[in-house]
Amino acid sequence: MDGQLQELLDRLMDFANHSHLWCNRGWTPDELHKQTVRQGPPLISLGPGIQKAIADGELDFEELRRELAKMGIRIIDSN
């Protein structure tokens, strides 16, 4: 009996996770989960204003990198 109950629950869970729902604007819970799960640390790209400040010497790039690393953020190379 336990095996049949577990199989039923697995099928119901699979059905629920792959059903397109109005409350999710048509997305399935599985699709939303795949979009929101992050692989690795958060990444940022430096915009032109920050790049200019670094080039002009107004901002120390290594210090910025260290401070962002403390927050768990990594800078990606924009080149």
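Of the 79 residues in the protein chain, buried ones make up 10%. Keep in mind that this is a predicted model. The cut-off for calling a residue buried here is under 20% relative accessible area.

Next, the overall dimensions. The radius of gyration of the protein chain is 22 Å, whereas a compact globule of 79 residues would come out near 12 Å. If you look along the principal axes, the C-alpha trace spans about 70 × 30 × 20 Å.

Now the secondary structure. The protein chain has 4 helices and 2 strands. Reading from the N terminus, the order of the elements is α-α-β-α-α-β. As for contacts with a separation of 6 or more, 36% of them are between residues 24 or more positions apart.

Which residues make the nonpolar surface patch? They are Leu5, Leu8, Leu9 and Leu12, and the patch comes to about 370 Å².

Take Leu9 from that group. Leu9 sits in helix 1, which runs over residues 2-17. Why can Leu9 be counted as partly exposed? Its relative accessible area is 44%, and partly exposed covers the range between the buried limit of 20% and the exposed limit of 50%. A patch residue needs over 30% relative accessible area, so Leu9, at 44%, clears that cut-off as well.

To go back to where I started: 10% of the residues in the protein chain are buried, and the radius of gyration is 22 Å. That is what I have.

Technical notes
Residues numbered from 1 in each chain as written. Predicted model: local features only at pLDDT ≥ 70, side-chain atom pairs only at ≥ 80, totals over all residues. Heavy atoms only, no water. Patch = residues over 30% accessible without salt bridge, like charges linked within 9 Å, V, L, I, M, F, W, Y side chains within 5 Å. Areas by Shrake-Rupley, 256 points an atom, 1.4 Å probe, with all protein chains shown as cover. Salt bridge = Lys/Arg side-chain N within 4 Å of Asp/Glu carboxyl O. Buried < 20%, exposed > 50% of the residue type's maximum accessible area, 1.4 Å probe, protein only. Rg over C-alpha atoms; globule rule 2.2 N^0.38 Å. Contact = heavy atoms within 4.5 Å.
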